[in-house]
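User: I have a protein chain open and would like to go through it piece by piece. Can we start with how to read the burial labels?

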Amino acid sequence: MESPQGRTGSDFEDCNAALLGELAAAHPDLVSLEMETFQLLDLARCSRGSIKAAGMCVALAERYSNAFLEYSRLEELEIAGGTAALRALVRCRLSDGNTPAASMGEDAGPVEYVWA
């Protein structure tokens, strides 16, 4: 069963009412608590290098203010985020030391990261 991901209210009893505040105080630059990505990255860590992992997400809600992303911006941000993810992925070194971008003859310039 998944955690309530910072949701509050009587429907969620996970005893983590102070968790978000504690994390924000301990890590002032914290921008995301995306648990599925954590599981993937932890699996890669446990693999001792046999698994490479990366993750991304489009945050739809801000738990402190309960504000949600405007639906009209969703497609734009999905495309921008997806493009950034794919550009980063083709620059990932494979086991032979090459990158997919290099094998396609593409410039392996810097990857743009999307924070909206």
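Analyst: A residue is called buried under 20% relative accessible area, exposed over 50%, and partly exposed in between. Glu-62 has 35% relative accessibility, so Glu-62 counts as partly exposed.

User: Where is Glu-62 found?

Analyst: Glu-62 is part of strand E1, which covers residues 61-62.

User: Which parts have the lowest and highest confidence?

Analyst: Confidence is lowest in helix H4, residues 100-103, with a mean of 66. The highest is in helix H3, residues 71-89, at 87. Where pLDDT is low, the predicted coordinates should not be read in detail.

User: OK, overall layout. How many helices and strands?

Analyst: The protein chain has four helices and two strands. Along the sequence they follow the pattern α-α-β-β-α-α.

User: How much of the chain is buried?

Analyst: Of the 116 residues in the protein chain, 12% are buried. The accessible surface comes to about 9,400 Å², and carbon and sulfur atoms hold 57% of that surface.

User: Now H2. How many residues does H2 have, and how far does H2 reach?

Analyst: H2 has 12 residues and reaches 16 Å from the first C-alpha to the last. That is close to the 16 Å expected at 1.5 Å a residue.

User: What does Thr-37 touch?

Analyst: Leaving out residues up to four places away in sequence, Thr-37 touches Gly-55 and Met-56.

User: Switching to charges. How many salt bridges are there?

Analyst: The count comes to two salt bridges. In general, side chains of opposite charge can pair when their charged atoms come close.

User: Which residue does Arg-45 pair with?

Analyst: Arg-45 forms a salt bridge with Asp-42, and their closest N and O atoms are 2.8 Å apart. Arg-45 and Asp-42 are three residues apart in helix H2, so about one helical turn separates them.

User: Are those two buried or exposed?

Analyst: Arg-45 is exposed because its relative accessible area is 57%. Asp-42 has 23% relative accessibility, so Asp-42 counts as partly exposed.

User: What about Arg-73, what is its partner?

Analyst: Arg-73 forms a salt bridge with Glu-76, with the closest N and O atoms 4.0 Å apart. Arg-73 and Glu-76 are three residues apart in helix H3, so they too are separated by about one helical turn.

User: How accessible are Arg-73 and Glu-76?

Analyst: Arg-73 is partly exposed, with a relative accessible area of 31%. Glu-76 also counts as partly exposed, at 48% relative accessibility.

User: Staying with H3, which residues are buried there?

Analyst: In H3, Leu-74, Leu-77, Gly-81 and Ala-84 are buried. H3 has 19 residues and reaches 27 Å from the first C-alpha to the last, close to the 27 Å expected at 1.5 Å a residue.

User: Back to what follows H2. Where is Ser-47 found, and is Ser-47 buried or exposed?

Analyst: Ser-47 is in the loop between H2 and E1. Ser-47 is buried, with a relative accessible area of 18%. A polar atom of the Ser-47 side chain lies 2.7 Å from the backbone oxygen of Ala-44.

User: And what is the phi of Arg-48?

Analyst: The phi of Arg-48, which follows H2, is positive, near 55°.

User: Last one. Where is the place of Ser-32?

Analyst: Ser-32 is in the loop between helix H1 (19-26) and H2. At 37% relative accessibility, Ser-32 counts as partly exposed. Ser-32 and Ala-59 are 27 residues apart in sequence, and their C-alpha atoms are 8.0 Å apart in space.

Terms used. Residues numbered from 1 in each chain as written. Predicted model: local features only at pLDDT ≥ 70, side-chain atom pairs only at ≥ 80, totals over all residues. Heavy atoms only, no water. pLDDT = per-residue confidence, 0-100. Buried < 20%, exposed > 50% of the residue type's maximum accessible area, 1.4 Å probe, protein only. Contact = heavy atoms within 4.5 Å. Salt bridge = Lys/Arg side-chain N within 4 Å of Asp/Glu carboxyl O. Polar contact = N/O pair within 3.5 Å; in protein donor to acceptor, adjacent residues only side chain to side chain. Expected span 1.5 Å × (residues − 1). Areas by Shrake-Rupley, 256 points an atom, 1.4 Å probe, with all protein chains shown as cover.
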